[in-house]
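Me: I am new to this structure and would like a close look at a single part of it. Please keep the answer plain and connected.

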Amino acid sequence: MSTPETSRFVRLRVELVLEIDDEEAVTGAALNRIADDEGIPDEERAHAESAVTEDTAEALAQLVDPFALLGEVPGVELLQASWSGEEIDYDPDSPEWDLDEDDDDEPYDDEDGAGRAG
């Protein structure tokens, strides 16, 4: 087995559904994170504080840090990340929320079209 001479770029998609049972705790943690970040300009800080105060999903998104999540993974450098939060209607019994539904629709093929065993 040879090591490729070029980097391999991977897009990792993660979807999480969270239940927030203490909105004040989430909002407070987000406000603390904003206050502790010395790199935020005052105008941006005021906008961020307003956003997390008005919307708990925004507060949660403020607390998510993909760079911290993957910072300790050996051999990986996170080049770009984007994420957002939104309030949703969630019914765990609905087939719409079956996390495996995409797995049946898309085969796992590598670059030459050969499937991989899973």
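Which element gives the most to the lining of the largest pocket?

Reply: The element is α3, which gives four residues to the lining of the largest pocket.

The largest pocket holds about 2000 Å³ of space. Its lining is made up of 40 residues, and those closest to its centre are Leu12, Arg13, Val14, Ser82 and Trp83. Two elements give two or more residues to this lining: α3, residues 56-63, and α4, residues 66-70. Sorted by class, the lining of the largest pocket has 23 nonpolar residues, ten charged ones and seven polar ones.

Next comes the packing of α3. Two packed helices are described by the angle between their axes and by the distance between those axes. For α2 and α3 the angle is about 125°, and the axes lie 5 Å apart. The two helices are therefore oblique to each other. On the α2 side of this contact are Ala51, Val52 and Glu54, which meet Thr56, Glu58, Ala59 and Gln62 of α3. The residues of the contact of α2 with α3 divide into three nonpolar, two polar and two charged.

Helix α2, residues 42-54, also packs with helix α1, residues 23-36. Here the angle is about 175° and the axes are 9 Å apart. Angles over 145 degrees count as roughly antiparallel, and α1 and α2 are therefore roughly antiparallel to each other. From α1, the residues in contact are Thr27, Ala30, Leu31, Ile34 and Ala35; from α2, they are Arg45, Ala48, Glu49, Val52 and Thr53. By class, the contact of α1 with α2 has six nonpolar, two polar and two charged residues. Val52 of α2 meets residues of α1, and Val52 is also among the α2 residues that meet α3.

The last point is confidence. The protein chain has a mean pLDDT of 81, and 78% of its residues reach 70 or more. Among the elements, α1 has the highest mean pLDDT, at 96, while helix α5, residues 101-105, has the lowest, at 52. Over residues 104-118 pLDDT stays under 50, and for this stretch the model has six contacts beyond four places in sequence. Where pLDDT is low, the predicted coordinates should not be read in detail.

Definitions and conventions
Residues numbered from 1 in each chain as written. Predicted model: local features only at pLDDT ≥ 70, side-chain atom pairs only at ≥ 80, totals over all residues. Heavy atoms only, no water. Axes fitted to C-alpha atoms, helices over the stretch in contact; angles between N-to-C directions. Parallel < 35°, antiparallel > 145°, perpendicular 65-115°, else oblique. Contact = heavy atoms within 4.5 Å. Nonpolar A, V, L, I, M, F, W, Y, C, P; charged D, E, K, R; others polar. 1 Å grid on protein atoms, 1.4 Å probe; cavity = no way out; pocket = protein on both sides within 12 Å on 5 of 7 lines; lining within 4 Å. Points joined across faces, edges and corners; volume = space filled by probe spheres on them. pLDDT = per-residue confidence, 0-100.
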